[in-house]
Amino acid sequence: MKILVLNGPNLNMLGRREPQIYGDRSLDDLLAGLRSAFQDRVEISALQFNSEGALIDALQTAWHEGVDGVVFNAGAYTHTSVALHDAIKSIAPIPVIEVHMSNVHARETFRHTSVIAAACRGVIAGFGFDSYRLAIEAVLSCKADIPQ
Ligand code: DQA
């Protein structure tokens with residue numbers, strides 16, 4: 001089972017960026033925790049890009065490489081990017097799970113809309129680093145239960 005954990009803009013700044021919202025641990029800490037939690041079960045690759053085009057390329061490459069699922073925190077592009085919505089649809093039936101560390105629905109109104117959610121298999125928000133672990137569990141159960 002191969003899963004790509006894909007992070008969008010400003011998520012390379014985890015640990016120093018608004019720690020009251022995102023905590024004080026880094027992106028490397030997040031990935032180390034995920035790899036240790038799923039060590040034998042899942043091969044986790046991880047990428048982070050600040051630019052929209054690079055995220056689209058990463059989704060298309062994931063499809064070429066035959067990943068089993070993508071855990072995707074698109075950051076602020078979640079709320080704006082029709083191009084990412086289309087890219088997620090273009091790699092169907094690979095399940096893409098939208099994740100957010102914060103509960104976006106409890107924050108500013110501009111974060112309440114996701115342009116990509118309708119293209120994703122599901123959405124997990126509000127559990128900090130644990131959102132990513134739950135999203136990997138969701139990919140594992142997609143493979144087990146849901147017709148593609
Ligand atoms: C975020 C929420 C987004 O609104 C924000 O732009 C981010 C992080 C989250 O993980 O909570 O960059 O996706």
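This is a predicted model: local features need pLDDT of at least 70, side-chain atom pairs count only at pLDDT 80 or more; totals for chains, interfaces and linings use all residues.

**Stop one: α4.** Select residues 82–90, which form α4. Now colour L84, H85, A87 and I88, which are buried in this helix. Where do they sit around the axis of α4? These residues cover an arc of only 165 degrees around the axis, so they are on the same side of α4. Next, show the neighbours of that buried set: α3 (52–64), β3 (69–73) and β4. The buried residues of α4 pack against these three elements.

Move on to the loop between α4 and β4 (96–100), where you will find P93. Zoom in on the peptide bond from A92 to P93: cis or trans? That bond is cis, and its omega is near 10 degrees.

**Stop three: the loop between β1 and α1.** Select β1 (2–7) and α1 (19–22), then look at the loop between them, which holds N10. The phi of N10 is near 75 degrees, a positive value in a residue other than glycine. Show the surface there: N10 is partly exposed, with a relative accessible area of 38%.

Stay in the loop between β1 and α1 and pick E18. What is the phi of E18 near? The angle is near 35 degrees, again positive in a residue other than glycine. E18 is partly exposed as well, its relative accessible area being 33%.

Methods:
Residues are numbered from 1 along each chain as its sequence is written. Side-chain values use heavy atoms; hydrogens and water are left out. Helices (H or I, at least four residues) and strands (E, at least two) are DSSP runs, numbered from the N terminus. Buried means under 20% relative accessible area, exposed over 50%, partly exposed in between (1.4 Å probe, protein chains only). The arc is that of the directions from the helix axis to the C-beta atoms. Contact means heavy atoms within 4.5 Å.
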